[in-house]
Every structure is written in C-alpha cells, then in structure tokens.
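Trainee: Before we discuss any particular feature, could you put the model on the screen, please?

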Amino acid sequence: MAVKKQFELQPVLNYRAELEKLRKQEFALAKQDLDAAADKLEQEKSEAAQLAEEFSKRQQEINSIYEMQLYADFFARKREEMKEQQRRIEALDRVLEDRREDLVQATKEKKVMERLKEKQKEAFRKEQAYKEGLLLDEIATQKKGQE
C-alpha cells in the first residue's frame, strides 16, 4: 500500500509559479515596447535620410529663403524627435532590465520551492523504505519464532 504525502508548501509553490508567469508576461511586454520604440527610431532615421537626399538633389533648384528655412526647420524638428525617441528607448531599456531582474528573482524563488519539494519527497521515500525494512525484519523475526 503506497502512502502519498502532500507537500505542505504547495500553495506557496503555486503562488511562486504564478508570480513567475506574471513576470514573464511583464518582461515580454517590456520587450515589445522597446522593440516598437527602436523600430520607430529607425523609421525616423530613414525619413530624415530620405529628406536629406531629396534636399541635396533639389538644392540647386531652391530659389527662396523661405523654402530653405522649411528644410532647416524640418531637419531640426526631426533631430529633436530622434533625440526624444532615443531617450524613450533608454528609459524602456531600463524598464526591460528591471523586468528581467524581477523575472530572474521569481524564477529563483520558484526553483527553491521546487528543490524543497523534491528534498521532502526523497526524505519521505527514504522514511517509507526504512519503515518497510523494519516491518519486513519484524515479519521475518515472527516467522523465525514460529518455526
């Protein structure tokens, strides 16, 4: 007859597993945000490069100060937008790093509980084997006495 022993800290292990799952989701969202911001920066850089190419082609055709000022203003605004996007990326990178640390910590805490559960299982198995050995010794002793 096999006796099963329930892990007393199973609710804690379940909580740690859920917490790890939540941290994984938070990390994935932070990664998505960072990737989206990096893509936007690349898009803005591409737009600025296209406009610079257009400007260099049209430079000889531009005949008014007003048109030159429009290009200059656009370039200045684009540079400012790219700087702002770079700051956003840096902030999102810090958030991602924080989420990574939270995930690592949650994973460690869950693994500690899993190791404890395994140690308790092993200790229970050893205890059961020891008790079974004692019982077999007792049975053998009784049989020996009856002969």
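This is a predicted model: local features need pLDDT of at least 70, side-chain atom pairs count only at pLDDT 80 or more; totals for chains, interfaces and linings use all residues.

Trainee: How should I read the span of helix H1?
Mentor: Helices are DSSP runs of H or I with at least four residues, numbered from the N terminus, and the expected span is 1.5 Å times one less than the number of residues. Helix H1 covers residues 10-58, which is 49 residues, and from its first C-alpha to its last it reaches 72 Å, close to the 72 Å expected at 1.5 Å a residue.

Trainee: Which residues of H1 are buried, and what covers them?
Mentor: A residue is called buried under 20% relative accessible area, exposed over 50%, and partly exposed in between, with a 1.4 Å probe and protein chains only. The buried residues of H1 include Leu 13, Leu 19, Ala 30, Glu 44 and Phe 55, and what covers the buried residues of H1 includes helix H2, residues 65-146.

Trainee: Which residues make up the largest nonpolar core?
Mentor: In soluble globular proteins, nonpolar side chains tend to be buried together. A nonpolar core is here a set of buried Ala, Val, Leu, Ile, Met, Phe, Trp, Tyr and Cys residues joined through side-chain atoms within 4.5 Å. The largest one has nine residues, namely Ala 30, Leu 34, Ala 37, Leu 41, Ala 48, Met 82, Ile 89, Leu 92 and Leu 96. H1 and H2 each supply at least two residues of this core, and the largest share, five residues, comes from H1. Apart from it lies another core of five residues, among them Leu 51, Ile 62, Tyr 71 and Phe 75.

Trainee: What does Ala 37 touch?
Mentor: Contact means heavy atoms within 4.5 Å. Not counting residues up to four places away in sequence, Ala 37 touches Gln 85, Arg 88, Ile 89 and Leu 92.

Trainee: How many salt bridges are there in the whole structure?
Mentor: A salt bridge is a side-chain nitrogen of Lys or Arg within 4 Å of a carboxyl oxygen of Asp or Glu, and a search of the whole structure finds 18. One of them joins Lys 57 to Glu 53, with the closest N and O atoms 3.3 Å apart; both residues lie in helix H1, four residues apart, about one turn of the helix. Lys 57 counts as exposed because its relative accessibility is 60%, whereas Glu 53, at 45%, counts as partly exposed. Another joins Arg 58 to Glu 67, the closest N and O atoms being 2.8 Å apart.

Trainee: Is Lys 78 buried or exposed?
Mentor: Lys 78, found in helix H2, is buried because its relative accessible area is 6%. Glu 47, Arg 77, Lys 78 and Glu 81 are linked in a network of salt bridges, and, leaving aside neighbours within four places in sequence, Lys 78 is in contact with Glu 44, Glu 47 and Ala 48.

Notes
Residues are numbered from 1 along each chain as its sequence is written. Side-chain values use heavy atoms; hydrogens and water are left out.
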